[in-house]
Amino acid sequence: MANMLDYVNAHGDMGFDSLPFNEIDNIIFTQLVHLPLEKALPYGEATLPLEQIAEALAHLETDSPLAVMLRKRLELLRLTGASLRFGGLVFRRFVDEVSHEDETQFCAVTALLPGGEKVIAFRGTDLTLAGWKEDFNMAYASPVPAQAKAVAYLTGAAAGREGPLIVLGHSKGGNLAVYASIHCPQAVRRRIRAVYTNDGPGLMPEDTALPAYAEMTPRIHSFLPQNSLVGLLLQQHEPYTVVHSRAIGVFEHDPFSWQVEGAAFVRRDSLSFTSQVTDATLDAWLRQISPESRQLFVDTLYSIVAATEATTLGGLVRSGYRSARKMLDAARDIPADVRQELMRCIGLLFSAGTESLTTAAREALLRGEKEKT
């Protein structure tokens, strides 16, 4: 089966006038924004065609074992940069901000399509621990800093030339795309033609209860792989489309594993049994613990990881035994009352998981009996 790289090989000679923007173009932009564009495109109002960005990044070193995704994205950049469809597209307004003090990671870029449309692409979580912590903060806070920045970025990107807007992202980038689209000024919201969230976490209930969310719902396109985990966090947008991934388990989060036929993803009828149980478990668990307990849970776990003084996942892995020792020492120093609340939350998670698994198994058994009759 094919993936997004095969799509570029097959359709890269077609302009957007003959093949309109589609869901595979969407996923391509979510990966281009993950590239180190700062090496080619200065921050701010600088503009550069994708073909020149591809030339500037052609010689990046990718020997590190942690550079698997970078190698895939550079191959995508090489193909798109050399194509008629993507090569001449101008990229601008690149922003990349990370603050460990504020627990913030935000990155976005804007691309101009030939017909006057603007594509606003938000980056998902990178390898910084600040980015991962901000993801977890979404379990109890709205907005987190990246969400507020996404609203401001979308509003700024919409200024100037009028025209339709397409807003998109993968993983946390999908969450930012939806959040920014429902919180931006109404004049901007009216111009949004489509919002794409690709295995992105959902929103807090107070956000999905907004009239602006109901207004945007028909324009929100949500894609989840059959064994989604990240995309099931918080209140997932519905309806969503389940796509077929050739990967296994959590590795299905990698959109290069998502299968493509023509200009569309290969569909699956439903999420896997495991994913459905996970979804029910997380929903039940979050209903049982207060936002204050969620914050305590997240902050405590992060404080253990932060004791290593690493700033990226790569640094955490490379330090190996030393990091493990520091985390163990930090865990021992957790106050008794905090440890008790932490264990209560973990106990509720296991209890919710057991109940969800039992319910799902019973429903599957009943469906099987009905099919027999």
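Thr 47 sits opposite Arg 92 in β2, where strand β1 (residues 47-49) and strand β2 (residues 90-99) run antiparallel, joined by 3 bridges. Strands here are DSSP runs of E with at least two residues, helices are runs of H or I with at least four, and both are numbered from the N terminus. Two strands pair if DSSP finds at least two bridges between them. This is a predicted model, where local features need pLDDT of at least 70, side-chain atom pairs count only at pLDDT 80 or more, and totals for chains, interfaces and linings use all residues. Residues are numbered from 1 along each chain as its sequence is written, and side-chain values use heavy atoms, leaving out hydrogens and water.

β2 also pairs with strand β3 (residues 104-112), antiparallel over 8 bridges. There, Phe 91 stands opposite Ala 111 in β3. Their hairpin has 4 residues between the strands, and Glu 103 takes a positive phi near 55°.

| Pair | Axis distance | Angle |
|---|---|---|
| α1 (residues 4-11) and α4 (residues 68-81) | within 10 Å | roughly 10° |
| α2 (residues 23-32) and α4 | 10 Å | about 120° |

So α1 and α4 are roughly parallel to each other, while α2 and α4 are oblique. Angles under 35 degrees count as roughly parallel, over 145 as roughly antiparallel, 65 to 115 as roughly perpendicular and the rest as oblique. Met 4, Leu 5, Val 8 and Asn 9 in α1 meet Glu 75, Leu 76, Leu 79 and Thr 80 in α4, with contact meaning heavy atoms within 4.5 Å.

How values were computed. Axes fitted to C-alpha atoms, helices over the stretch in contact; angles between N-to-C directions.
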